[in-house]
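Visitor: Hi! Could you walk me through the structure I'm about to open?

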Amino acid sequence: MANPMSIIGKNAVAIACDLRLGLQALTVSNDFPKIFQYGPDVFLGLTGLATDVQTVSDLFRYKVNLYRLREERDISPQTMANLVSTSLYEKRFGPFFVNPVVAGINRTTGEPFICGFDSIGCIDFAKDFIVSGTSADQLFGTCEALWQPDLEAEDLFETISQALLSAVDRDALAGWGAHVYIVEKDKVTKRLLKGRQD
Amino acid sequence: MAFIHPSSLLPSSNPSYSFREGIKSSAPGIQEHRFSPYADNGGSTLGIAGKDFTIIAGDTRQSSGYSINTRYAPKVFRIGGDDDSGTGAKIILAVTGFAADGNALKERLDSMVKMYKYQHGKDISVKACAQRLATILYSKRFFPYYTQAILGGIDEEGVGALYSYDYVGSYEREQCRAVGAAASLIMPFLDNQVNLKNQYVPGSGVGHDLKAKAAEPLEQSHVEQLVRDAFSGAVERHIEVGDGLQMLIATKDGIREIYTPLKRD
């Protein structure tokens, strides 16, 4: 199943995913978002086995709700990253087949934060971008060439959108439009990209 | 019965990429000797055709698995030159895949192009050379050259020409093409920046009314920069790409070469 990606900018992060759901070459759905929100400015992208994407996204909704009740505050992206890591490692010998991506802004520091994981919770902290899913190679190529430091929110949107659309157009297993979230301090913008419908 | 070392009963620990494979044992007491005629030597090449020029570039690393054989083994060649240095050549060939096959293919095409000149008293056109290369590749349909080739030059109208091939000679003229280990990283970038895919004219409408930006011929200096950007990105994320970047630029005045170092890690 196709892919989410996230990139970092100046006081902003972006996270995006395509909308295809498929079983190998068979397209099952063309409206299957893979990005989930766990607080005002914390987002999780999930690729991999669709059943595990749903199970894992629900599991974290449950865990983050309990966190909010116990702590009486929203979870920070850093804490979310550690929660994802430990939860995945609990299933070290029977893992969920997912490759998560976390993106958000830390409320206390105001700093943007992104990271990625393998299926058993090893964290990949990145200062630039994280990619995951079937078009990871293509995304590495486009991000490496298009990304630059300190992108403002609007430029960040253009960069992540061009990177994602160009990448999924060279992957038969991804595409059918995309969701893009631009996360700034106290502001989240969600956009739907139509993209190629083939 | 010959003594069999216990380790030979285990699945071979030899790397699967080795040109010379180790001895494999299929059953106790039986030793099977195998030779693999192919290897993958990594690396990447790309070509972009402009209005009156064609740039073909490739990295100069040659590797086998995790080992680097050499940091300078050109994958981009001048075809049909007057001497060993390739002066007077007008056509560029780039090959990735199995380096030995790439070199053999280069030698063969080079001599074909020279034969053409001696027999016809004129230089071969890029179009004819492209067809000849396809024939050479298809002549080995059942024991192919393990190479992906791209061929470039200036066509009969003076326009930049670029042809890309599969292993057995199926070919197509294109504006740009990335080939080899990092093709999957570079190609989407080229779609976006050369053919302007997914780019629309700002303010031209909403939804289906949006006008796609039409791809226009790019300046040579701009294309050179795109090539550099494409490769510095590929070097960052692909272990088989690096060491040096060789760019051959074909114009009506002949072929010019630019070499720039790339990261060696």
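Guide: Happy to. One term to start: buried means under 20% relative accessible area, exposed over 50%, and partly exposed in between (1.4 Å probe, protein chains only). By that scale Y38(B) is partly exposed, at 25%.

Visitor: Before we go on, what kind of model is this?

Guide: It is a predicted model, where local features need pLDDT of at least 70, side-chain atom pairs count only at pLDDT 80 or more, and totals for chains, interfaces and linings use all residues. Residues are numbered from 1 along each chain as its sequence is written, chains are lettered from A and ligands numbered from 1 in the order in which they are written, and side-chain values use heavy atoms, without hydrogens and water.

Visitor: And what pLDDT does chain B average?

Guide: Chain B averages 92, and 90% of its residues score at least 70; pLDDT is the predictor's confidence in each residue, from 0 to 100.

Visitor: How many aromatic pairs are there over all chains?

Guide: Ten. Rings of Phe, Tyr and Trp (its six-membered ring) pair if their centres lie within 6.5 Å; planes under 30 degrees apart are stacked, over 60 edge-to-face, the rest tilted.

Visitor: What does Y38(B) pair with?

Guide: Y146(B), in a tilted pair: 5.2 Å centre to centre, with 35 degrees between the planes.

Visitor: Which cluster does Y38(B) belong to?

Guide: Ring pairs link Y38(B) with F98(B), F143(B), Y146(B) and Y167(B).
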